[in-house]
Structure formats: structure tokens, C-alpha cells
There are 2 protein chains.
Amino acid sequence: MLFTCDVQELLDGLSTASRALSSRPAKQILEGVLLETTESGIRITCTDLNLTIETYVDATVKEEGQVVLPGRLFTDLVRKLSGGLLEINVDDKNIAYLRNAGSTIKLSGLSAREYPRMDEPDTHKSVTLPQSKMRDMINKVSFAVATDETRLILTGILLEITQSEVRLVALDGFRLAMRRLSGTYADVAAGETIETVVPGKVMSELAKLLSTDDTPLTISFSESRMELSFGKTKMYNVLLAGEYIRYRQIMPTTWTSRATIKTREFERAIERASLMAREGKNNLIKMHMTQEGLVITSNAELGDVHEKLDLLLEGRDIDIAFNVRYLSDVLRNIDEETVCMRFTSNVSPSVVCPAEWEDYLYLVLPVRVFE
Amino acid sequence: MLFTCDVQELLDGLSTASRALSSRPAKQILEGVLLETTESGIRITCTDLNLTIETYVDATVKEEGQVVLPGRLFTDLVRKLSGGLLEINVDDKNIAYLRNAGSTIKLSGLSAREYPRMDEPDTHKSVTLPQSKMRDMINKVSFAVATDETRLILTGILLEITQSEVRLVALDGFRLAMRRLSGTYADVAAGETIETVVPGKVMSELAKLLSTDDTPLTISFSESRMELSFGKTKMYNVLLAGEYIRYRQIMPTTWTSRATIKTREFERAIERASLMAREGKNNLIKMHMTQEGLVITSNAELGDVHEKLDLLLEGRDIDIAFNVRYLSDVLRNIDEETVCMRFTSNVSPSVVCPAEWEDYLYLVLPVRVFE
């Protein structure tokens, strides 16, 4: 195997693929990055057996071949090279020789025959949407994914696709975040809903790799697997098995109190209250809403915080308490100027969403502290 | 105690003083920040008993007094306030009420009478130099301070002052860094040398607080203590007791080989070699210098790195090995385009310094690997 390529392009490819490297690989070969000559340059592949990322780097191939090189070390070395042209020559003992400017680096690899091969999923449906939109959708729900693995399915994000909508849902038993995007997805039949649960970690890695522009991302499905394809990169991954919670049943459809509050003011007041709530260990804040305004309080042995804000209240006055972290998490993700909260009682799930926009919706369970 | 001040100015003061807060305070009162009304506004003091930092914040004082407030929580709360004017009212039970925009925060404090008082050191000598120079000098030697506390004196930085020079020295048994600044220091008699050893941690905190401009820093000494005064801030600290190593005796005065190398090229080659050296666990690189050039090598089970660089060599060819970290540390701190290394043999201390400038000098012990 013998080829030359640009140092920076190779580094970009390695940085992308190596996101699939596990920090605790099950066997030695999984610490490696697979390099293969193809007609479209060098294919770079990393996998942790659940998630596989492959990407391509332009190269002048002088001799075909493939090799598995130690992933982290190879990436770190390429990062430190001087730039410009790099020649990589791999002998029949899988030893690679890297030549760039005054550097000659010898690196022992493993045979590509040992590398686990994932079949390309036999996909039957696919949807395409702008990368930036998917990136934003993931970022706006992924914080609500369960970190506790006792209910494995909740460590995933539900991806629900109909002919007219892509929807992401994450929930952990205390709160739920939902984000949807309208569109026309021709592969999906009228009345059909594709439902898959993607590991939260895979979605976070995807969000990091997606670009901030509108170039397309194509998502394709088979029974148990998914393929994400964008630019020169493909991610394959194994979906979470099992049925997701019937979340629609817990979405409130009515309200008795509705409060409209300036988002940034609300966020800052919550942040101050949270400093004291954290001291108090219970992480609790109380909200008291009347026509006069919103009063937020938190307390601890060391003192208390009392915040008074303007609000527009429709319906009944209400006293309600929350785990402060659940409110900060969502407020941080609302870019709109005003935020709306809807309540039916101080013991039932409350809704938080941008005031004029229902494509992002957050549900949070209050803490029972009032009679 | 009742005063008003600007939120941002108070935050700046608290951020400065709280650098003296210990992460593991010996008693509760040391978690606190002492606030006192004075004729120059509010004096803010923090101490860990070794290092004391005090600074001033402009304020409109309506009622004199003093209080000790919980340091971290108070600083965090002020950081999150909306900005503008803050009123602080402390009652006779040491409870502070902070009022700013819609926020009212109650914070339980402790009596200022409990706070440990440090006498101002009875200083008899002082020198003044530009803050930016001292900042740079500290940053260029502090990495060589010993981290191992078995020889406590080496965890400090030697500060040596004569009528014409301020000098900082740090050494850890394997390497030494020296930086000096010429000047005229009138308080020091001709022939006299002031020698003090300042804890490395204090010097690092000082470097973070010093400005990058030429406003003055005044250093004053008593027998066992030092006062550092700059802008509105004073740091007092206890010096390390004991005698510092007679480092002048180990400074080589001659050389048999002298190599001049481009600094950044050398640094990058060392970085690549260090990646492989780290894999090899011994962290070792070898240097082979002849009229032909400099060859740097490192190896591990996974492979090896071979770097060839131009150099200008005077004197004998030499083969020598180093702990790679000791070379990276110093190269990172040399801003000049070319660096000079001087050797007497491959088992005696080698000198590294900017090629045309002897005010910064670094000494490193080679590793014995050659016959």
C-alpha cells in the first residue's frame, strides 16, 4: 500500500472517523483505524461495534492495499506534522512508513483481515434534511436523555418520521424534550410512522460532525440499523431495541394557568436562585405567580434568594416548585425572546416552550411541596 | 454596614481576592471574604493564612462596618447579578441583604472579629518593576519548580535582588530555569544581595493577577514575609524558610559543543518524538548532532520517530539523550527565532537558551544511555 495525501485533509478525516473509537475497546483491533485504498481515495473507518464511522480522503494511490493503524497515536502524530504532502508506505508486515518534510515515522499496524466488517444495512426507507436543522434539533433535546441505564431505552432519542414531519423526543422520567421539523418526506407513506430509538451518544457525536449549513443529511433505515450519510462521511449504527414510552399520553392538552416571561431575564433569575438551591442540597426553587408578577425563591442554611420578575399571566394564580436544573437546562436552549409556561396544577407536568412557536416543547414534572 | 457599589467592580475585586481562598480551608472562617468599609471604599480580604490578598472597590458608604461572607457563594451570586448598582446592607447579626434590580438576596455571614488579622509586614527594603516584566519572568521559570514536597524549599522560586538585577530561579533536581531583569534598585546597597524563596503557588497566582502593561509592581520585604503591591491590590505572604541550593556552582561556564537550531522547527520535531516516547513509557528522546544536522529519535513497541533538522554546530559531534518533557517545557517558553544548546559531555548538565540573549537560561540533566 502506497499513497500520498495532504496532511490537513488526512487529519480532518481521522478526526471525524476517530469519534467512533471507544475509550475502552473490547479488543485490540478496535483501537485501530482501518485505511483502505479505493477509487475515491483513502477510506478511513473506525468502529466500537455499535457505531461505525467511515469517511474518505483524497489521495494519489500508487499501490493498492489496506492496513489497521493504532488510532489515537496515528491521529496525534498526523496532527503534529508540518503540513503539506505526506507519503504513507505500508509493507507486507503491516508496518507503515510516514514521510513528511524531515520526519520519518515507523508505525506497526495490524492486518486489515482482522478488522470487523459491518455489512451495509439493507435500507428500504430514507429521508433527507438540512444538516444544520438536524444539528439544532439534536442539541435541543439531547440534554433530556436518561443517564441512568436501568431503563436502557430511555438512554436513546426517539426519532419519529411521518410524510410531513421529523420529530425527536428525549425523556428521563422527570422531563421530556420534543423538537419537530415540518417537511415532505416522500419515502414515507401517508399515515405511516417510522419509529426508531437511536442511542443518545450516537446522536451527540452526529451533532458534533454535522455542518452548520444546509447541505443535506440522508437518514436511511433497515430493521435494526440506521445509516447517516453527509458529505464524504457515513455513520452506521445499531438502534436500541424495545418499545419507547407512549409519550403522547402524558402531553397535557389543556391548561388552567399560562405565564409568558422574558426568556433571558427568567434564565438569569433562575441561575441566581440555583446557586442558593445548590447550597440547600435539595436543588429546589419555588415559583409564585399572580397578576402582580412572578416571584422565584430558593433557600439554604446560608441564606435565601428572592427574585421578582414581570410576567403576563392568563388564568389562575399558581404556586409551584421545580428541580432548578430541569428549568435551567431548557431555558438555555430557548433562543426566542419570550417563553411560555402552561400549568394544569402544581403536581402535574408543566409545559415550557417558546411563546410563539410550538415546534419545540418541553415538559417538566414539578416537585410536590405545596398542600 | 450599608453601602452601594457597581456590580462589575465588586466582581473584579472578589475575583482578585478570592485567589487566596484555600480549596481545603483549615477552619470555616477561612472560607469567607472579609468586607470592611474604609475611606477608600470597601476593602476585600481573603487569606489561607500563608497568602493574604486584599483589594479595594469604590463604594458609597452610608454606614460603616465589616462582615465576613461565604466567599465562593457570594462571588458566584455577584457574578450572576444583572449589573448596575448593588446595595449591601448588613445587620448586627451579620446577615447581609443584597439588592440589585429585581433580586433580593439574604446571606448569613460571620463576625469580622473572628477573622484572622495579619500584621502588615515591617518591611525595610523594596524594589519596583513593571508588572508585565515580572509576569513574564514568573511564567518563564515556574514550570521548573519541584512538585515533590520532600524538599520543601524547591517548591519555591528563588528571588534574588541586587542593585542592578532582579533574578528568578526555579529548579527541581533535574532541570533549572533562570530569568533575570537588569535595572537600578536603589534600596539595595552595592554588593548586597537580597535572597528570598517565595512559594511557587504564590508566584503563579501573582502572575495571573499582574497586568500585561508597564504599571508598577512594588515588592517589599521583612525577615519572613513579603508584600506585593500593584494597582489597588496587595498580596502578603509567608516566605519559605531555609536556604536555597547554591545553584551558581552547577552552572557550566565552558562548552565543547554548541548547537544553534530554529526554535519552532525544533519544538515541533520534539512534539512528534514525544508522542512515540510517551508510548515507550520511558519518555526518552535521543539527539545525534554532527555538521550534517541534528537527528532526533524516539521509539516504542509500536514504532519509532526519526526527525532530521538543520543546525549550526560548533565544536565536537555529540550523542545525548533527554527526558522529552524537560525539553518541551523550555522550548514552549522561548519566543526567539533561534535557540542555542551548549554541552560539555553527554552526562553533564546542558544549557538551553535563546541564541542571542542570556537573560533566560535553562539547564537540563541528560539521561545516561550512551557509553
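## Domains of chain A

The C-alpha centres of domain 1 and domain 3 of chain A sit 50 Å apart. Chain A splits into domain 1 (2–114), domain 2 (125–248) and domain 3 (252–364), with bounds taken from an automatic or database domain assignment.

Keep in mind that this is a predicted model, where local features need pLDDT of at least 70 and side-chain atom pairs count only at pLDDT 80 or more, while totals for chains, interfaces and linings use all residues. Residues are numbered from 1 along each chain as its sequence is written, and chains are lettered from A and ligands numbered from 1 in the order in which they are written.

## Where the chains meet

Here, 26 residues of chain B are in contact with 26 residues of chain A (C-beta atoms, placed from the backbone, within 7 Å). The largest share, seven residues, comes from β21(B).

There's strand pairing too (at least two DSSP bridges between two strands). Strand β9 (residues 103–108) of chain A and β21(B) run antiparallel, joined by five bridges. A:Leu107 stands opposite B:Gly303 in β21(B).

## A look at B:Val141

Leaving out residues up to four places away in sequence, B:Val141 touches B:Ile157, B:Leu168, B:Val169, B:Ala170, B:Ala177, B:Met178 and B:Arg179.

Methods
Two residues are in contact if their C-beta atoms, placed from the backbone, lie within 7 Å. Helices (H or I, at least four residues) and strands (E, at least two) are DSSP runs, numbered from the N terminus.
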